[in-house]
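Here are my notes on this model, as numbered points. Please read them with the coordinates open.

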Amino acid sequence: MEDRYNEILSQYDFEVTARSRIRGGIMIETDAGCKIVKETKTSAGRLVWEHKVKSHLKEEGFGYIDSFCLNRDNNISSIGTNGQRYVVRDWYPGSECDIHNVKDVYAASVNMAVLHNCLKGIPPYEYSMCAGAQDIVTTLKKHNKELGHIRNYLRAKKYKNEYEMALLR
């Protein structure tokens with residue numbers, strides 16, 4: 001397993017100083033900051049689309065984002081000898097939002113508002129073509145169908161909390 005990651009990391013221009021296992025990959029400390037290495041099954045077109053969107057967000061000032069690190073060949077992903085595709089992303093220390101902590105929820109909502117403002121300048125047609133228009137349409141249909149299942153479940157539920165009632169409005 002170490003050999004697999006060593007092979008992938010040799011394709012990048014940074015020096016690894018420490019590494020630790022995480023779910024689905026490894027976290028590495030490098031001379032260029034903290035990174036995460038994971039196997040991906042995402043299509044090449046989707047990776048290009050994601051890279052363009054995240055690059056746009058960085059240009060707009062939304063800096064703490066898990067953007068891709070390009071390898072020496074300027075590719076987003078690297079192929080291992082096992083034929084699997086791997087990506088290396090910038091990573092930042094932090095903790096998840098505690099929904100029971102008002103300050104955490106407030107900070108998350110402010111962060112989401114900034115994210116939405118930064119996303120306004122993305123030309124939708126240009127970036128959606130990278131991921132494949134059919135792929136996006138199919139994905140959105142699946143999401144809408146799933147939302148329908150959730151609505152039906154909530155309608156059938158006898159006791160609803162405030163959030164569930166608001167969601168059904």
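1. Lysine 54 and glutamate 50 form a salt bridge, with their closest N and O atoms 2.8 Å apart. The term means a side-chain nitrogen of Lys or Arg within 4 Å of a carboxyl oxygen of Asp or Glu. Both residues sit in helix α2 (residues 44-59); because they are four residues apart there, about one helical turn separates them. Helices here are DSSP runs of H or I with at least four residues, strands are runs of E with at least two, and numbering starts from the N terminus.

2. A word on provenance. This is a predicted model, where local features need pLDDT of at least 70 and side-chain atom pairs count only at pLDDT 80 or more, while totals for chains, interfaces and linings use all residues. Residues are numbered from 1 along each chain as its sequence is written, and side-chain values use heavy atoms, with hydrogens and water left out.

3. Are lysine 54 and glutamate 50 buried or exposed? Lysine 54 has 10% relative accessibility, so it counts as buried. Glutamate 50 is buried too, at a relative accessible area of 15%. The cut-offs: buried is under 20% relative accessible area, exposed is over 50%, and partly exposed lies in between (1.4 Å probe, protein chains only).

4. Aspartate 66 and arginine 89 also meet through their side chains in a salt bridge, at 3.4 Å from N to O. This pair links distant parts of the chain: aspartate 66 lies in the loop between α2 and β4 (77-79), arginine 89 in strand β5, 23 residues apart. Aspartate 66 is partly exposed, with a relative accessible area of 24%. Arginine 89 is buried, at 16%. Salt bridges with shared partners join Glu50, Lys54, Asp66 and Arg89 into one network.

5. How many salt bridges does the structure hold? It holds nine. One of them joins aspartate 90 to lysine 35, with the closest N and O atoms 2.5 Å apart. This pair, too, links distant parts of the chain: aspartate 90 is in strand β5 (residues 85-90) and lysine 35 in strand β3, 55 residues apart. Aspartate 90 and lysine 35 are both buried. In general, side chains of opposite charge can pair when their charged atoms come close.

6. Now the sheet. Five strands make an open sheet in the order β1-β2-β3-β5-β4, with antiparallel pairing. Strands β1 and β4 stand at the edges with a single partner strand each, so one side of each has no neighbour in the sheet. From one strand to the next, the twist averages 25 degrees. Helix α2 packs on the sheet and touches β3, β4 and β5; its direction makes about 5 degrees with that of β5. Contact means heavy atoms within 4.5 Å. Axes are lines fitted to C-alpha atoms, for helices over the stretch in contact, and angles run from 0 to 180 degrees between N-to-C directions.

7. Strand β1 (residues 16-22) pairs with β2 (residues 25-30) in the antiparallel sense over six bridges; pairing requires at least two DSSP bridges between the strands. Arginine 21 stands opposite isoleucine 26 in β2. Two residues lie between the strands, and glycine 24 takes a positive phi near 85 degrees.

8. Then the next hairpin. Two residues join β2 to β3. β2 and β3 (residues 33-40) pair in the antiparallel sense over six bridges. Threonine 30 faces glycine 33 in β3, and glycine 25 stands opposite lysine 38 in β3.
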